[in-house]
Amino acid sequence: MAKKGYLYDGSKCIACRGCQVACKQWNQLPAEKTVFFAEGGGYQNPPDLTMLTWNLIEFKEKEVKGIVSWLFRRRACNHCTDAACIKACPVEPVKAMTRHPRYGTVYVNQDLCIGCGACAEACPFSIPYVDENLEKSFKCWSCIDRQDNGKIVACANTCSTGALQFGDRAKLLKKAHARLQALKAKGMKAFIYGEKELDGLGKIFVLPGELKDYNLPKNPVATAFINEVERLIQPYKDKGKLTSKVVKLAWKQVKERHHLG
């Protein structure tokens with residue numbers, strides 16, 4: 001089966017946040033308390049992804065020559081081909097952070113997850129969140145249950161403007177390039193993100209403006225410290241005594257060594 005993926009077109013998004021609601025409804029995620037003017041006085045709610053919010057529309061105002069415009073971007077797991085979270089997951093012999101063999105979806109096997117947070121430390125997009133009480137990592141799992149039953153993911157299913165589509169990644173990439181050319185033909189500045197980053201993201205973006213307008217890394221890479229952490233925790237793996245605490249301490253030690261926040 002061809003690898004599945006998303007196409008998000010920021011020029012079509014009206015930030016209705018229907019995708020956020022659909023994600024919560026389908027995955028039975030409780031609402032979070034928010035205020036009307038969220039972080040920074042804007043309309044974005046909640047302010048960030050959490051273990052209870054796996055899909056978020058980011059709001060950003062841009063002013064050019066006195067004209068203010070809205071820039072929107074859907075933030076959720078990008079289901080990277082070269083997934084840092086999978087590389088960093090210390091659980092063996094079968095990793096808790098893994099990839100679906102048919103769809104290419106990156107998801108957390110909750111039965112194996114120890115809540116160590118290595119996936120969150122490694123992700124260049126800051127996507128996974130750990131519930132410290134449950135000791136489990138949470139993020140978008142691309143509605144594998146819906147896919148198994150021939151349905152598209154809940155977020156794309158509810159998008160009323162066609163800003164969010166789901167299907168075969170190769171076909172969506174062709175649509176992305178066609179859309180980019182159409183926008184440029186109208187005189188709009190726009191770009192594609194996700195085609196080649198980390199060997200190809202599972203989510204392709206068509207975004208108006210420039211990369212600097214968005215909260216996206218120019219050249220995302222898996223953190224260089226994964227191997228260093230791995231060396232510290234290997235003795236515990238060898239003795240069968242690997243725990244969440246051991247992994248967290250190893251990441252803390254490595255970050256302090258390199259003077260990271």
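Okay, let me start with a group of rings: Tyr43, Phe59, Trp70 and Phe72 form one aromatic cluster. Before I go on, please keep in mind that this is a predicted model.

So, how many aromatic pairs does a search of the whole structure find? It turns up 9. I'll walk you through two of them.

Take Tyr8 and Phe205. The ring centres of Tyr8 and Phe205 are 6.3 Å apart and the planes sit at 70°, so we call this pair edge-to-face; the cut-off for that label is over 60 degrees. It links distant parts of the chain, with Tyr8 in strand 1, residues 4-9, and Phe205 in strand 10, residues 203-208, which puts the two 197 residues apart. Are these two buried or exposed? Tyr8 has a relative accessible area of 2%, so it's buried. Phe205 comes out at 0%, so that one is buried as well.

Now the second pair, which takes us back to the cluster. Tyr43 and Trp70 have ring centres 5.6 Å apart with planes at 65°, so this pair is edge-to-face too. Here again the pair links distant parts of the chain: Tyr43 is in the loop between helix 1 (18-27) and strand 2, Trp70 is in strand 3, and they are 27 residues apart. As for accessibility, Tyr43 has a relative accessible area of 32%, so it counts as partly exposed. Trp70 has 38%, so it's partly exposed too.

Next, charges over rings. Which ring does the charged end of Arg74 sit over? That would be Tyr6, with the charged end 5.0 Å from the ring centre. There's another case at Trp26: the charged end of Arg146 sits over that ring, 4.6 Å from its centre.

Last topic, the largest pocket. We're talking about roughly, well, about 150 Å³ of space. Which elements give two or more residues to its lining? Strand 2, residues 56-64, and strand 3, residues 67-75. If you want to click through the lining on screen, go to Gln44, then Glu58, Phe59 and Lys60, then Leu71, Phe72 and Arg73, and finish with Asp213, Tyr214 and Asn215.

How values were computed
Residues numbered from 1 in each chain as written. Predicted model: local features only at pLDDT ≥ 70, side-chain atom pairs only at ≥ 80, totals over all residues. Heavy atoms only, no water. 1 Å grid on protein atoms, 1.4 Å probe; cavity = no way out; pocket = protein on both sides within 12 Å on 5 of 7 lines; lining within 4 Å. Points joined across faces, edges and corners; volume = space filled by probe spheres on them. Helix = DSSP H or I, 4+ residues; strand = E, 2+ residues; numbered from the N terminus. Phe/Tyr/Trp six-rings, centres within 6.5 Å; stacked < 30°, edge-to-face > 60°. Buried < 20%, exposed > 50% of the residue type's maximum accessible area, 1.4 Å probe, protein only. Lys NZ or Arg CZ within 6 Å of the ring centre and 35° of its normal.
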